[in-house]
Amino acid sequence: MQKIGILTSGGDAPGMNACIRSVVRSAIQKGIDITGIRRGYTGIMTKDFVKLDRYAVANIIQRGGTILESSRCEELKTPEGRRKGIHILKREGIEGLVVIGGDGTFRGAAALAKESKLKLIGIPATIDNDVYGTDYTIGFDTAINTAMESIDRIRDTADAFERIFFVEVMGRASGFIALEVGVAGGAEEIIIPEKETDLEKLCRTLKESFKKGKRSSIIVIAEGNEVGHTVQIAQYVQYRLKADCRVCILGHLQRGGAPTARDRVLASRLGIAATEGVLDGKEGHVVGEKEGKIVYIPFHETWERDKKLDSEFFESSKVLAL
Ligand code: F6P
């Protein structure tokens, strides 16, 4: 193999740059040329290519976002779009492709792999941490630390006014961020998509805790929860308890910022493993980390199988809020 491409796709995550740097430097070390593809799969269609040498990735390990930019590409979802993409990559001399993103990114990669001789390998990067087969995705650790710092600040003002704060964190379909941040931020209640929430019970618990002398409460809510929009939940509790309630939606704040040391190390490790994987016949896989060891997960498992949240931890964490 003489030349590989690299792209970032879907929601950006802190640590993507550290990962690009790692793939580029490990590929160069093996004598392989590497082409950066800008704006995800869209960049293949528009031939938005840039040659990456070791200096092109200098000074980016500490930067959030992605120097290659990202997108969600509709054209790649059609057979004609993929034919066009495969043709362009072939003409460019690109024989392998490293794609960094979430399960949507890997679906695109699997389709390209099926219809061409390209060797594709994935690296999981999403703040949601919802990729099956890997304990952690790149960006998750930074996102939970960012959200935790925000909650610490909210706690100060919540205490000052004896308020109940409803803090919404990201997690379109999963509660990984909410659970970790809820525990780390000392939340009184955590609402996630994986578990049912009884709002009446929540009101009773809050009332009790205020009776026992709590001055403020923080409820962490995953955006994809089943109960409803965070504002509606807050309005309901305000109406039932006649309490002073406020809402704070952390949103895309959680996606930006310098990656934590953990994310930089994970990104660096997975980047090296991806380069080795593409050369050692591990194409068609996503490289992940399980119990500290590098693992290779077939593309299709990342969307066919669900990564399970630790239910026992969720239940046992409730004692901390009493
Ligand atoms: O990166 C994952 C995620 O942050 C989800 O939790 C969220 O719903 C989504 O991306 C929002 O992304 P965008 O605004 O880019 O569509």
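A salt bridge is a side-chain nitrogen of Lys or Arg within 4 Å of a carboxyl oxygen of Asp or Glu. By this rule the structure holds 18 salt bridges. The model is predicted, with local features needing pLDDT of at least 70 and side-chain atom pairs counting only at pLDDT 80 or more, while totals for chains, interfaces and linings use all residues. Residues are numbered from 1 along each chain as its sequence is written, and side-chain values use heavy atoms, with hydrogens and water left out.

Select K290 and D135, which form a salt bridge whose closest N and O atoms are 3.1 Å apart. K290 lies in strand β10 (residues 285–290) and D135 in the loop between β5 (119–124) and α5 (140–161), so this pair ties together parts that are 155 residues apart in sequence. Helices (H or I, at least four residues) and strands (E, at least two) are DSSP runs, numbered from the N terminus.

Now select E289 and R269, a salt bridge in which the closest N and O atoms are 2.8 Å apart. This pair links distant parts of the chain, with E289 in strand β10 and R269 in helix α9 (residues 261–279), 20 residues apart. Is E289 buried or exposed? With a relative accessibility of 12%, E289 counts as buried, whereas R269, at 33%, counts as partly exposed; buried means under 20% relative accessible area, exposed over 50%, and partly exposed in between, with a 1.4 Å probe and protein chains only.

Next, select E301 and R305, a salt bridge with its closest N and O atoms 3.9 Å apart. R305 is partly exposed, at 42% relative accessibility.
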